[in-house]
Amino acid sequence: MSVYNVPTSLRKSVKAGAAIAKWEPVKLTTEDTENEGIVVIKTSATTDVFIGIALNDATAAGQGIDIALPGAVVLMRAGGAITQGNDVGLSGTDKAEIAALTLAAGGGTIRRIIGTALRTGVENDLIPVLYSPFVFETA
């Protein structure tokens, strides 16, 4: 699989609040008031408000990492079968994986979408995703 290089304009340097693996979605945790920085941790629930996708590993809290911002193409681990063009969001079983989401009216559920799958893949594949987050509420 080819390497996806995220341009500088679509990345942000932040500080890890805990260990984070490359390609995991991250959310805000605490503010680094001393350095006026941003501290992130990996997502832990399908309702989390993610702010980026980790572009490198952090093995411990306090390490610097880069995150991809909306508009970037990033690799993400599939939690099951995903078809090119599917809207994808956090998997219900492993919050470091993505799952294909069916967006349909009815049910009153809020879904946080990470973006659109650019390739077809199966469980554990790293697939490219256009990171374009949005929230969808079923009626």
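This short talk looks at strand E5 and the parts of the structure around it.

What we have is a predicted model, in which local features need pLDDT of at least 70 and side-chain atom pairs count only at pLDDT 80 or more, while totals for chains, interfaces and linings use all residues. Residues are numbered from 1 along each chain as its sequence is written, and side-chain values use heavy atoms, with hydrogens and water left out.

Let me start with the strand itself. Strands, labelled E, are DSSP runs of at least two residues, numbered from the N terminus. Four of the five residues of E5, which spans residues 64-68, are buried, so this strand is largely enclosed by the rest of the structure; buried here means under 20% relative accessible area with a 1.4 Å probe, protein chains only.

Now to its partners, where pairing requires that DSSP finds at least two bridges between two strands. E5 runs antiparallel to strand E1 (residues 11-16), with five bridges joining them, and Lys 12 stands opposite Ile 67. E5 is also antiparallel to strand E4 (residues 50-54), through two bridges, and there Ala 54 has Ile 67 as its bridge partner.

Asp 66 also lies in E5, and its side chain makes a polar contact, that is, a pair of N or O atoms within 3.5 Å, one able to donate a hydrogen and the other to accept it, with the side chain of Ser 13 at 2.7 Å. Leaving aside residues up to four places away in sequence, Asp 66 touches several others, including Arg 11, Ile 53 and Asn 56, where contact means heavy atoms within 4.5 Å.

Notes:
Buried < 20%, exposed > 50% of the residue type's maximum accessible area, 1.4 Å probe, protein only.
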